[in-house]
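Hi,

Here is the structure I said I would pass on. Have a look at it first, and then read on for what turned up.

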Amino acid sequence: MKNKGFTLIELIVTITLLAIISITVGVSVSNMLANQKEKKAENMKEEIENAACVYVETVDDSLTEISLKTLIEEGLIDKDLVNPITKKQLDTTSTVKIKIENNEKKCEYELKDVN
């Protein structure tokens with residue numbers, strides 16, 4: 001009589017391989033999600049800086065800093081600003097610094113938890 005089925009060793013090897021594959025996929029997906037959050041945060045930072053530069057160029061060329069609240073009130077950025085990394089609302093009293101480098105205005109905003 002011939003037994004049909006898998007041996008214990010075959011089952012253990014199969015389960016081990018499936019575990020290794022699932023761990024590898026899990027780590028890859030986790031890293032991909034973290035990178036996506038960082039990219040979203042960087043895009044938000046650039047959007048805030050661009051809005052500040054537009055405001056300075058069109059309204060008051062002598063400003064050295066501008067608050068997020070002013071940019072929101074002028075309709076240059078959305079009022080619901082949430083940091084994609086920390087999931088916390090941005091402080092509307094925080095400011096964008098405006099510097100002049102090589103006769104060119106440069107707007108810089110420090111978004112916490114972003115490289």
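Let me start with the disulfide. The torsion about the S-S bond of Cys53 and Cys107 is about 130°, so this disulfide is right-handed. Cys53 sits in helix H1, which runs over residues 8-58, while Cys107 belongs to strand E3, residues 104-108, so the bond ties together parts that are 54 residues apart in sequence. Do keep in mind that this is a predicted model. The sulfur-to-sulfur distance between Cys53 and Cys107 comes out at 2.2 Å, and a search of the whole structure gives 1 disulfide.

Are the two cysteines buried or exposed? Cys53 has a relative accessibility of 23%, so it counts as partly exposed. Cys107 is at 7%, which puts it in the buried class.

Now for some other residues of helix H1. Glu49 is part of that helix, and with a relative accessible area of 14% this glutamate is buried, because the cut-off for buried is under 20%. Setting aside residues up to four places away in sequence, Glu49 touches Cys107, Glu108 and Tyr109.

Ala52 and Tyr109 are 57 residues apart in sequence, with their C-alpha atoms 9.2 Å apart in space.

Lys45 is another residue found in helix H1. With residues up to four places away in sequence left out, Lys45 touches Tyr109 and Leu111. For Lys45 and Leu111, the C-alpha to C-alpha distance is 6.4 Å, and the two are 66 residues apart in sequence.

Next, the nonpolar core. The largest one has 19 residues, and those that touch the most other members are Ile48, Leu68, Leu71, Ile77, Leu81, Leu90 and Val96. At least two residues of this core come from each of H1, H2 and E2. Which element gives the largest share of the core? That is H1, with 7 residues.

The largest pocket has a volume of about 300 Å³. It is lined by 15 residues, and the closest to its centre are Leu90, Ser94, Tyr109, Glu110 and Lys112. By class, the lining is made up of 3 nonpolar, 5 polar and 7 charged residues. You have met two of these names already: Leu90 among the core residues listed above, and Tyr109 among the residues that Lys45 touches.

One last item is Lys87. This lysine is in the loop between helix H2 (68-73) and strand E2 (95-101). Lys87 has a positive phi of about 60° although it is not a glycine. Its relative accessibility is 57%, so Lys87 counts as exposed.

Over to you, and write back with any questions.

Best wishes

Terms used
Residues numbered from 1 in each chain as written. Predicted model: local features only at pLDDT ≥ 70, side-chain atom pairs only at ≥ 80, totals over all residues. Heavy atoms only, no water. Disulfide = S-S within 2.5 Å. Helix = DSSP H or I, 4+ residues; strand = E, 2+ residues; numbered from the N terminus. Buried < 20%, exposed > 50% of the residue type's maximum accessible area, 1.4 Å probe, protein only. Contact = heavy atoms within 4.5 Å. 1 Å grid on protein atoms, 1.4 Å probe; cavity = no way out; pocket = protein on both sides within 12 Å on 5 of 7 lines; lining within 4 Å. Points joined across faces, edges and corners; volume = space filled by probe spheres on them. Nonpolar A, V, L, I, M, F, W, Y, C, P; charged D, E, K, R; others polar. Core = buried A, V, L, I, M, F, W, Y, C linked by side-chain atoms within 4.5 Å.
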